[in-house]
Amino acid sequence: MTQASQASVIGVPHGASVDKDKRNWIVATCAVGGAGVAAVAVPFVSTFQPSEKAKAAGAAVEVDISSIKPGEKMTVEWRGKPVWIVRRTPEQLASLPKVDALLADPKSERKPDELTPAYARNENRSIKPETLVVVGICSHLGCSPSDKFQPGAQPSLPDDWAGGFLCPCHGSTFDMAGRVYKNKPAPDNLEVPPHTYLSDTRLLIGEDKKA
């Protein structure tokens, strides 16, 4: 077949007649070309999906917090770290200003850009007073503190304990806002991760703005 004949088959002028063999060849060529496009498109589109590695590197985590009752804590993983979501009781909230004088950084002024976003630099260290969101890793050597929500005298805690967290490794204590007490090995408050509310019951950890 000459170049001229090939051109007339591939680009058939409107209204021109084409025999059956040529029509079949054109349809087959288009079908193969379409399949090629589809084969290329699949991996290309898949590049828009976040990989497991990307998620581990810091993809935001959406959490349903509707089941957390007052006085309870939920733990989720973000960037390979445990993030605590605590629904504080009115009594626990009322205890926060009472312990300010005993804390090393009551106003969260140390390393604010690293540890406490602007919207959490308040007495509660939270967006919503009742809901605390902190990374559950002690700022001393990276141990995970234990829940000590019950107030009162307990082993390794003072008689006037108001509730909070105790690091079992070296005895650092934190109040119900994750603020560290004075004269403890931990130098800083617990980290408040970036977070925002998508609704009253859904929390997005890892981003400050709604997706």
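The model is predicted, so local features need pLDDT of at least 70 and side-chain atom pairs count only at pLDDT 80 or more, while totals for chains, interfaces and linings use all residues. Residues are numbered from 1 along each chain as its sequence is written, and side-chain values use heavy atoms, leaving out hydrogens and water.

**Exercise 1.** Decide whether glutamine 92 is buried or exposed, and list what glutamine 92 touches.

Solution. Start with the location: glutamine 92 is in helix H4, residues 90-95 (a helix is a DSSP run of type H or I with at least four residues, a strand a run of type E with at least two, numbered from the N terminus). Next, take the relative accessible area, which is 9%. Buried means under 20%, exposed over 50% and partly exposed in between, with a 1.4 Å probe and protein chains only. Glutamine 92 is therefore buried. Finally, leaving out residues up to four places away in sequence, its contacts are Gly71, Arg87, Phe149 and Met176 (contact: heavy atoms within 4.5 Å).

**Exercise 2.** Describe how E3 and E4 pair, and which way the residues of E4 point.

Solution. E3 and E4 are antiparallel, with five bridges; pairing requires at least two bridges found by DSSP. Tryptophan 84 is opposite valine 134 of E4. On E4, Thr131, Val133 and Val135 point one way, Leu132 and Val134 the other. Five of the five residues of E4 are buried.

**Exercise 3.** Find which residues touch the most other members of the largest nonpolar core.

Solution. A nonpolar core joins buried Ala, Val, Leu, Ile, Met, Phe, Trp, Tyr and Cys residues through side-chain atoms within 4.5 Å.
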